[in-house]
Amino acid sequence: MITINALNDVFPILIQGIKITVSVLLASIVLGYLTAFVAGFCRLSKNVILRKITGFYVEVFRGTSLIVQLFWLYYAFPILFGIEVGSNFWAGVLAISLNYGAYMSEIVRGSILSVAKGQTEAATALNMSRFQRMRLVVFPQAVRMMLPEFGNYLILMLKSTSLVSLIGMTDILYYGDILRSSNLSQAPMVYLLVLIFYFILALPLIWLTRKLEGFSKKGVASQ
Amino acid sequence: MNEPMVKFKDVHKSFGDVEVLKGINLDLMPAEKVAVIGPSGSGKTTIIRMLMTLEQPTSGSIIVDGENLWQMEKSGRLVTANEKHLRQVRGDIGMVFQHFNLFPHMTILQNCMTAPIHVKQENKASAKARAIEMLDKVGLGDKLDNYPSQISGGQKQRVAMARALVMRPKIMLFDEVTSALDPELVEEVLEVIRDIAHEGRMTMVLVTHEMEFARDIADRVLFLDKGVIAEQGTPSEVFGHSENERLDSFLRRFRR
């Protein structure tokens, strides 16, 4: 009986956090993939400076902790450089998308490089320009290879949105923490529900990843 | 007398420290069919890959229809050609590869329509009509909507030929196009090449191990050995008798 009451108390409060979690996720997905493609292509560029700068970005963001990056963006940057990223929403979204963008740029780069060389040669023999070879032949095949990995990162991104509670955003975990601090005995129930919330949010992403895997098996010539 | 369609002038090619081609001089006349034979590693494929701009010569020049392929003039000096120049000159050249290199994410029809639409700015309807015409010609008019993964190796190679033909090349290069095929699929591909050759309009260069076939359709046979053209002549000259010991021992391996 006690647990059921607790559930009735906890559930409506936690659900308030869903909106923040989902909006941070969606914004991070859009910005994260954009970053991944831009950085991935920059690393394949003929321009050495562009390649080096992007490589530096990727290594820094892959090599340091996401929480620390988040704190840098939200707390340190405004003090050091007077740069305000706007709000804790944008600080969170930027940290997540720059971090995951760095990882995913490696997927973009690796996939493009792993399209068989003969594909580019056949396109050259048909007198396609460099841009046409990429757009019509290499990229469509590379994307198919990227998709399953991208799906995995979707799920990782969802989970990392819980970090924004640390910069005061009212997401699912934030409400969970509030509930726990007001009544410690409810902690197991609260965190169980938090887990379930994240899992339910992840379900469509897991399903999507499976779909993408199936799709990506078709139509690729890899080396 | 006709001007040569393609002219190789003292072309050398090295990969790292290894000099694969050691001075190739070669004229290809319009509509001439040339077979290139020779032991593996002799540089046969490299010759046509340089002509297709897939490989840059280390030195020497290649002239295509009067235009210098790998060099262009810039403020009075000859410099290495840029992408734009290469595109201008190689437009008349088509190539069929040993491993087909069909685009796996496109249907057979799309494989044959994409380049005319995007490279030659043909409208979709006429590109489609032309693609279907060429696919019919290679006997694959019923496979238009299939994907490359759904057809056999011989069929793939025939699609690759249709894909090259829709671009109306003046020069067609064939890079060991039957080497990757199961023996029973070789003939259907050779059949198509024979048809194309008999139409006679195109200059054709065939790098091949099919000696019978080379004898059949070539006007001239080149024997490449250790990076030079060691012997050349009409098929009967090259395959008949030869004083060249290397050619002799090479050909003996193909006779039973």
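What pattern does chain A follow, read along the sequence? It is α-α-α-α-α-α-α-α-α. The secondary structure of chain A comes to nine helices and zero strands. A reminder before I go on: this is a predicted model.

Now the overall picture of chain A. Its C-alpha atoms fill a box of roughly 75 × 45 × 25 Å along the principal axes. The chain has 223 residues, and 47% of them are buried. Look at contacts between residues at least 6 apart in sequence: in chain A, 78% of these join residues at least 24 apart. The accessible surface of chain A is about 11,400 Å². Carbon and sulfur atoms account for 70% of that surface.

On to a surface feature. Chain A carries a nonpolar patch made of A:I67, A:V68, A:F71, A:W72, A:Y75, A:L80, A:F81, A:I83 and A:L166. Together they expose about 830 Å² of accessible area. Take A:L80. This residue sits in helix 4, residues 66-81 of chain A. Its relative accessible area is 53%, so A:L80 counts as exposed.

Next, the inside. The largest nonpolar core has 84 residues. Those with the most contacts inside it are B:F8, B:L51, B:I62, B:L135 and B:I193. Helix 6 of chain B, residues 183-199, gives the most to this core: eight residues. Domain 1 (6-92 + 171-252) and domain 2 (104-168) of chain B both contribute residues, so this core lies between them.

Last, back to B:F8. Beyond its neighbours within four places in sequence, B:F8 contacts B:I24, B:N25, B:L26, B:I47, B:M50, B:L51, B:S61 and B:I62.

Methods. Residues numbered from 1 in each chain as written. Chains lettered and ligands numbered in written order. Predicted model: local features only at pLDDT ≥ 70, side-chain atom pairs only at ≥ 80, totals over all residues. Heavy atoms only, no water. Patch = residues over 30% accessible without salt bridge, like charges linked within 9 Å, V, L, I, M, F, W, Y side chains within 5 Å. Areas by Shrake-Rupley, 256 points an atom, 1.4 Å probe, with all protein chains shown as cover. Salt bridge = Lys/Arg side-chain N within 4 Å of Asp/Glu carboxyl O. Helix = DSSP H or I, 4+ residues; strand = E, 2+ residues; numbered from the N terminus. Buried < 20%, exposed > 50% of the residue type's maximum accessible area, 1.4 Å probe, protein only. Core = buried A, V, L, I, M, F, W, Y, C linked by side-chain atoms within 4.5 Å. Domains from an automatic or database assignment. Contact = heavy atoms within 4.5 Å.
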